Amino acid sequence: MAKKQFKAESKRLLDLLVNSVYTQREIFLRELISNASDAIDKMYYKALTDESLSFDKGNFFIKVTIDKANRILTVSDTGIGMTREELDDNLGIIAKSGSMLFKNENELKDGHEIIGQFGVGFYSAFMVADTVTVISKAFGSDEAFMWESKGVDGYTIKPSAKDSFGTDVIIKLKESTEDENFDEYLEQYRIRSIIKKYSDFISYPIKMDITESRLKEGSEKDYEEHTEEQIVNSMVPIWRRNKNELKQEDYENFYAEKHYGFDKPLRHIHISVEGAVSYNAILFIPENIPFDFYTKEYEKGLELYSSGVMIMNKCAELLPDYFSFVKGMVDSEDLSLNISREMLQHDRQLNLIAKNIKTKIKNELDTLLKNEREKYEGFYKSFGRQLKYGLYGEYGRNKEDLQDLLLFYSSTEKKMVTFAEYVSRMPEEQKYIYYATGESNERIEKLPQTELVADKGYEILYFTDDVDEFVIKMLHTYKEKEFKSVAGGDLGIETEEKESSDADDEKQKALFTKMKDFLTGKVSDVRASKRLKKHPVCLSSEGELSIEMEKILKTLPTNQDVKANKVLEINTNHEVFSSLKEAAENDPEKLKLYTDLLYNQALLIEGLPVNDPVDFTNNICKIMK
Ligand code: ADP
């Protein structure tokens with residue numbers, strides 16, 4: 001059976017293209033400028049292969065002209081132009097890409113990348129145009145032709161006139177309606193900013209006639225309009241330039257121009273990779289926290305360019321959440337873009353780039369930590385919390401990457417230290433990495449629970465961020481050393497037991513049982529403390545959930561019912577203990593009062609509210625009498 005060819009309903013196809021492919025109308029200009037750049041590139045390639053031709057870069061440019069009165073926007077180029085047949089083929093057949101063909105025929109792979117590939121970009125002009133007119137003269141021909149279309153009902157081609165080879169794409173803009181504005185494409189500043197946004201690094205000059213108000217010569221207050229042809233684009237992107245030629249200042253200017261931040265970047269990373277996926281990237285680690293960084297509004301991501309043309313403003317896939325503070329851009333020729341060039345076809349190349357970038361950022365931070373500690377600590381003040389979230393998130397799968405970037409305040413060093421530094425100082429007999437949690441370093445310093453560990457001369461890490469203890473639970477160990485809260489169960493420290501008779505032990509046991517009964521529902525046990533030296537009481541916790549964690553979880557809308565297993569610890573060497581013993585023997589009412597007071601004191605030290613403040617103060621008055 002003879003195969004039948006598919007037929008396409010061109011009108012419908014065009015309609016689809018114009019209305020469904022692109023999310024942003026302004027990209028029509030990006031597409032036309034990319035085509036113009038391709039057309040000049042083709043001249044460049046011709047000159048490469050044909051010795052009789054010389055390619056003088058100075059003669060090649062793109063010009064965008066605005067004719068406000070007639071609602072016309074024109075994109076002209078001095079490129080290779082199109083013959084009558086090419087106009088018919090390339091602009092008459094949807095999805096036919098002369099540029100793709102050219103690339104294949106000339107086996108182009110290197111350097112100058114031709115942008116076109118799908119054969120649809122041109123039609124995006126119909127998103128804003130009533131009529132599109134293309135006047136073109138092919139290189140080497142002395143005839144020019146005019147292609148014209150209103151979109152839906154086809155096109156015409158007829159002979160025309162044009163001085164030099166190249167192409168003018170003339171767009172007669174649609175009339176604005178109540179809810180659609182096309183007039184914006186007649187404004188210089190608007191067109192200029194669209195060019196800057198998407199086509200800043202097109203490698204040929206994009207010219208515009210720019211009108212500015214200037215002081216009249218000799219006058220101090222009278223202005224006059226002055227029109228001048230200017231090159232709007234930067235052309236050579238900084239990331240394609242040789243690293244050795246670039247100064248710190250160049251990166252800082254780029255950072256400011258791109259509005260990555262108002263600060264100066266703390267660090268830049270310039271990457272040029274040639275390989276399975278080739279790409280250039282410039283990344284910045286900012287100095288200051290963006291004002292919205294720790295809010296839901298903050299969007300992470302890097303700018304993504306394909307062969308110098310901007311594709312995406314914020315490509316989130318390029319950065320892991322824990323490095324969301326990184327700013328910058330990536331440019332690659334190896335991305336498979338979808339038809340609108342607003343998204344990627346599949347993520348293989350992108351994943352490779354993202355993985356690579358992640359490692360580079362981590363290495364940069366490692367180096368900063370190693371060589372410029374003070375700068376790193378500044379960075380850590382701003383973004384350390386993000387690193388901790390990163391370690392805690394995704395079930396801890398990034399812990400290997402992040403654990404050595406963390407810093408905590410040390411009780412003995414009186415400054416921020418890494419886990420590695422801590423472990424390197426541990427005496428041989430020290431079993432655990434100790435930490436204490438609290439609101440601030442000053443408060444932790446005074447916590448009774450730290451007494452034993454501190455007395456032993458061991459270093460304690462201070463946890464003052466909500467997320468700290470959760471991070472540690474996720475890590476569990478560092479270099480095989482387990483983390484241990486100074487307020488947790490067995491501290492692994494030998495203490496000398498006082499000689500005591502069995503009778504004494506029995507009495508003490510009975511006392512603690514009574515006290516525990518008074519505190520039913522509040523603590524799970526009352527015990528003689530091994531960790532207290534000077535203070536009479538403290539609370540400790542048993543099991544996975546610490547008192548600090550309970551506090552944090554209680555502030556969250558979910559998880560309200562969690563409770564840490566609290567233990568009231570009594571310092572049996574403290575004189576208060578004698579009073580307790582005495583009360584136990586002679587005055588049960590007094591024992592209840594003392595128990596209540598001690599428990600509330602322990603709560604206060606822990607930064608927890610007392611159960612009943614009025615009751616508490618009444619009780620204090622009672623013993624003062
Ligand atoms: P693409 O650029 O993806 O190939 P387009 O629909 O934008 O698709 O353009 C179709 C074809 O028309 C291009 O491949 C190119 O051959 C031709 N073309 C478009 N604009 C120009 C131009 N300014 N100069 C020369 N040829 C052009």
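Reply: Helices and strands here are DSSP runs, numbered from the N terminus; a helix has at least four residues and a strand at least two. The model is predicted.

Start with H476. It sits in the loop between helix 13 (468–475) and strand 18 (477–478). Its phi is positive, about 65°, although H476 is not a glycine. Most residues other than glycine have a negative phi. H476 has a relative accessible area of 47%. Buried means under 20% and exposed means over 50%, so a value in between counts as partly exposed. H476 is therefore partly exposed.

Now S307. This residue lies in the loop between strand 11 (302–306) and strand 12 (309–315). S307 is not a glycine either, yet its phi is positive, about 50°. Its relative accessibility is 15%, so S307 counts as buried.

Next, the setting. The domain assignment gives domain 1 (8–231), domain 2 (238–371), domain 3 (398–485) and domain 4 (496–624). The centres of domain 1 and domain 3 are 63 Å apart, taken over C-alpha atoms.

The protein chain holds 18 helices and 22 strands. Its radius of gyration is 36 Å, well over the 25 Å that the globule rule gives for 625 residues, so the chain is more spread out than a compact globule. The C-alpha trace spans about 120 × 85 × 55 Å along its principal axes. Of the 625 residues, 48% count as buried. The chain exposes about 33,300 Å², with 47% supplied by carbon and sulfur atoms.

Note on methods:
Residues are numbered from 1 along each chain as its sequence is written. This is a predicted model: local features need pLDDT of at least 70, side-chain atom pairs count only at pLDDT 80 or more; totals for chains, interfaces and linings use all residues. Side-chain values use heavy atoms; hydrogens and water are left out. The radius of gyration is taken over C-alpha atoms; the globule rule is 2.2 Å times the number of residues to the power 0.38. Buried means under 20% relative accessible area, exposed over 50%, partly exposed in between (1.4 Å probe, protein chains only). Accessible areas come from the Shrake-Rupley method with a 1.4 Å probe; for residues, only the protein chains shown count as cover. Domain bounds come from an automatic or database domain assignment.
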